[in-house]
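This briefing covers confidence, packing, a pocket and some backbone details. Please keep the sequence and the structure open while reading.

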Amino acid sequence: MTISEETRSELRDIAGRYPQARSGLLPMLHLVQSAEGSVTPAGIEACAEVLGLTPAEVSAVATFYTMYKRHRVGDFHVGVCTNTLCAVMGGDAILARLEEHLGVGNDEVAPKRQGDQYSVSLEHVECNAACDFAPVVMVNWEFLDNQTPDGLVRTVEALRAGHPVASTRGPRICTWRQAERVLAGFDDGLADEGPAAGPASLAGLQVHATQAEIAGLVQLADAPRHGLTNEEYDA
Amino acid sequence: MTLPDASANGSSANGSSATGPSGTGALMPVLTANWGLERAWTLASYAAFGGYQALDVALGMTPEDVVETVKASGLRGRGGAGFPTGMKWGFLPAESEKPRYLVVNADESEPGTCKDIPLMMASPHTLVEGVIISSYAIKANRAFIYVRGEVLHVIRRLQAAVREAYAAGHLGTDIHGSGYDLELVVHAGAGAYICGEETALLDSLEGRRGQPRLRPPFPAVAGLYASPTVINNAESIASVPAILKNGAEWFAAMGTEKSNGVGIFSLSGHVTRPGQYEAPLGITLRELLDLAGGVRAGHELKFWTPGGSSTPLFTAEHLDVPLDFESVAAAGSMLGTRALQIFDETVCVVRAVLRWTEFYKHESCGKCTPCREGTYWLAQVLARLEQGHGSEDDLDLLLDQCDNILGRSFCALGDGATSPITSSIKYFRQEYLDHLTHGGCPFDPAASTLFAQEVLA
């Protein structure tokens with residue numbers, strides 16, 4: 001594929017955000033993925049051209065980072081956390097169930113069946129900083145908290161059928177290519193979707209509120225009751 | 001990620017006059033206080049909660065006085081190493097032709113660590129306000145928030161907060177009529193644990209492979225674009241507004257003598273109510289577990305990490321270790337990022353350690369030989385043991401390999417890779433041997449899952 005003039009212009013915009021243009025390379029590669037569906041040779045050449053680098057220099061960067069794909073992924077890229085904590089909390093069982101259900105292995109795309117609106121791909125991912133919601137699954141880098149094997153199979157089927165699926169802490173999950181555009185720094189207007197925090201994020205606050213309430217009640221009970229005898233107060 | 005900086009370990013120079021332990025055992029929400037508010041992520045909600053008042057306090061002071069305030073608060077880096085934040089700011093050369101930069105390390109990726117991500121999702125303006133005050137203090141006119149790429153909604157919220165802050169005049173030129181200018185860019189990474197190491201992050205932010213740089217020169221002298229640069233963890237920078245608003249004494253009065261203030265403690269795993277618990281440093285796991293409803297019903301604590309997978313494991317005998325930098329170090333581990341991963345007796349420690357080791361192998365950047373080759377060897381020997389194939393000599397082999405990695409790697413990633421191995425052999429040697437006599441893992445992996453009932457039924 002060739003890179004459109006519009007995309008080239010956006011690549012230049014990204015480079016322009018920084019004091020030195022090369023700093024834009026990571027978001028530029030995200031934009032290439034959004035436009036191309038993966039990091040393609042044409043995308044690498046476009047980045048090299050904008051930044052005055054060789055394609056080899058851009059490739060060296062693109063191959064270092066896990067999020068850059070040199071092959072197609074699904075419209076919905078499912079990442080099951082199998083780092084230690086999520087693994088023991090159920091991540092291993094979830095991944096095994098998904099592999100069996102989709103008939104694919106790690107970093108593979110499940111073929112679109114007749115009637116499917118969207119394709120899905122599967123990957124095991126490392127810790128995604130949501131351990132208090134373990135086991136965690138990311139779909140297009142949106143959080144799905146406290147997952148189960150059966151629950152995730154149902155979610156994946158809903159995604160394939162084109163039904164709306166909301167992140168536990170975020171908006172309706174967009175496609176992988178739309179997500180990559182946000183990572184490149186282009187607003188999609190969805191920041192106000194979803195809650196401020198999930199239940200686990202608020203666990204300490206809730207305990208603190210309860211403690212404060214108890215402290216308040218104790219203070220109330222111990223306070224001198226001016227002008228009333230205990231009998232009058234109780235009455 | 002916790003990549004404790006060897007040069008910062010054991011440092012006691014925090015320039016504070018702390019008053020000793022206070023408030024241990026009780027929670028103290030500061031950074032988390034507004035997370036439960038409706039639309040907490042918006043400027044309107046943050047401002048109604050008193051947000052951006054600290055910025056006016058700071059702009060009414062000289063930059064030097066802001067640095068002194070942060071020094072006096074005793075704030076130490078919340079990204080793992082615990083280096084005094086104000087002192088780090090003070091390392092910038094007084095005179096320099098080159099521009100200065102502030103870079104926020106929001107690449108939270110250390111296994112178990114999950115505090116910065118909920119902070120930036122619930123209250124991104126806390127971080128943005130911290131960036132503005134900190135940049136003013138170090139006289140930087142450009143700042144960057146480097147956030148890991150795998151958290152789409154957090155990135156949306158950060159980008160929206162920065163847009164709102166520009167529109168309200170908190171960012172841009174002549175902020176609040178002070179004559180101070182600041183440009184802030186939210187920069188998404190692309191999946192690499194090593195980019196949490198500060199110099200690797202700078203290379204990545206320059207559009208290169210994220211590999212660590214030799215130090216010295218330290219970033220304060222030659223950081224981003226070889227210019228004087230301060231790089232701090234997201235929670236450290238987010239702590240700055242509250243310090244300016246409430247005073248250095250207020251912050252220094254909390255925590256322990258050398259570990260001042262509050263921090264977010266993240267409980268995960270086999271605990272009744274996992275989540276974020278903000279408390280003064282020095283609280284113990286026993287106290288935190290009390291608040292979180294204890295280890296999950298019918299089970300008991302087996303092992304835990306005090307500060308992520310790179311910090312040596314603790315067991316039930318460490319329940320009363322005060323979770324401050326000095327006490328955790330004295331007990332043989334590191335406070336790290338206060339990432340308390342709780343594992344009960346259903347978990348096989350060999351399986352847990354093997355999985356972490358595979359992670360380090362995958363994330364090793366390849367720059368230095370001890371880490372690149374060593375993590376491969378560690379994973380191979382551990383896998384052999386876990387499958388029940390190796391021999392008892394393999395434990396000595398593992399320890400020997402760890403010896404050849406620890407202290408010989410280019411950065412702390414290699415050091416961190418050895419922590420779970422050496423500590424697990426120290427506390428659970430017999431469990432390794434049980435794999436040999438049993439011919440494999442004697443544990444049922446289904447028993448440790450969140451949905452154990454469903455699976456076992």
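## The second largest pocket

The lining of the second largest pocket is made up of 13 nonpolar, 11 polar and 13 charged residues. In this count Ala, Val, Leu, Ile, Met, Phe, Trp, Tyr, Cys and Pro are nonpolar, Asp, Glu, Lys and Arg are charged, and the others, Gly among them, are polar. The model is predicted: local features need pLDDT of at least 70, side-chain atom pairs count only at pLDDT 80 or more, and totals for chains, interfaces and linings use all residues. Residues are numbered from 1 along each chain as its sequence is written, chains are lettered from A and ligands numbered from 1 in the order in which they are written, and side-chain values use heavy atoms, with hydrogens and water left out.

- The second largest pocket has a volume of about 690 Å³, taken as the space filled by probe spheres set on grid points that are joined across faces, edges and corners.
- A pocket here is an open set of points on a 1 Å grid over the protein atoms alone, where a 1.4 Å probe fits, with protein on both sides within 12 Å along at least five of seven lines; lining residues have an atom within 4 Å of a point.
- Of the 37 lining residues, T66(A), E123(A), H124(A), E126(A) and H362(B) are the closest to the centre of the second largest pocket.
- The elements that give two or more residues to this lining are α5 (84-102) and β3 of chain A and α14 (349-363) of chain B; helices (H or I, at least four residues) and strands (E, at least two) are DSSP runs, numbered from the N terminus.
- With 6 residues, α14(B) gives the most to the lining of the second largest pocket.

**Confidence**

- Chain B has a mean pLDDT of 94, and 93% of its residues reach 70 or more; pLDDT is the predictor's confidence in each residue, from 0 to 100.
- Residues 1-24 of chain B have pLDDT below 50, and this stretch has 75 contacts in the model beyond near neighbours in sequence, a contact being heavy atoms within 4.5 Å.
- Where pLDDT is low, the predicted coordinates should not be read in detail.

**Cores and buried parts**

- The largest nonpolar core has 171 residues, and L127(B) and V131(B) have the most contacts inside it.
- Such a core is a set of buried Ala, Val, Leu, Ile, Met, Phe, Trp, Tyr and Cys residues joined through side-chain atoms within 4.5 Å.
- A second, separate core has 27 residues, including A279(B), L288(B), W304(B) and F325(B).
- Leaving aside neighbours within four places in sequence, V131(B) is in contact with L102(B), V104(B), A143(B), I145(B), L182(B), L184(B) and I237(B).
- Helix α8(B) is largely enclosed by the rest of the structure, because 8 of its 8 residues are buried; buried means under 20% relative accessible area, exposed over 50% and partly exposed in between (1.4 Å probe, protein chains only).
- Among the buried residues of α8(B) are E198(B), D203(B) and L205(B).
- G207(B), with a positive phi near 85°, follows α8(B).
- S23(A) sits in the loop between α1 (5-15) and α2 (25-36) of chain A and is buried, at a relative accessible area of 1%.
- Not counting residues up to four places away in sequence, S23(A) touches Y18(A), H187(B), L205(B), E206(B), G207(B) and Y225(B).

**Backbone details**

- Most residues other than glycine have a negative phi, and most peptide bonds are trans.
- A cis peptide bond with omega of about -5° joins A134(A) to P135(A), and P135(A) is in the loop between β3 (120-125) and β4 (137-139) of chain A.
- Another cis bond runs from R215(B) to P216(B), with omega near -5°; P216(B) is in the loop between α8 (198-205) and α9 (219-222) of chain B.
- D174(B) has a positive phi near 50°, lies in the loop between α7 (152-167) and β3 (183-188) of chain B, and is partly exposed at 39% relative accessible area.
- H176(B) also has a positive phi near 50°; H176(B) lies in the loop between α7 and β3 of chain B and is partly exposed at 33%.

**Distances along and across the chain**

- E38(B), in the segment before α1 (43-48) of chain B, is exposed, with a relative accessible area of 70%.
- K258(B) and L75(B) are 183 residues apart in sequence and 9.7 Å apart in space, C-alpha to C-alpha.
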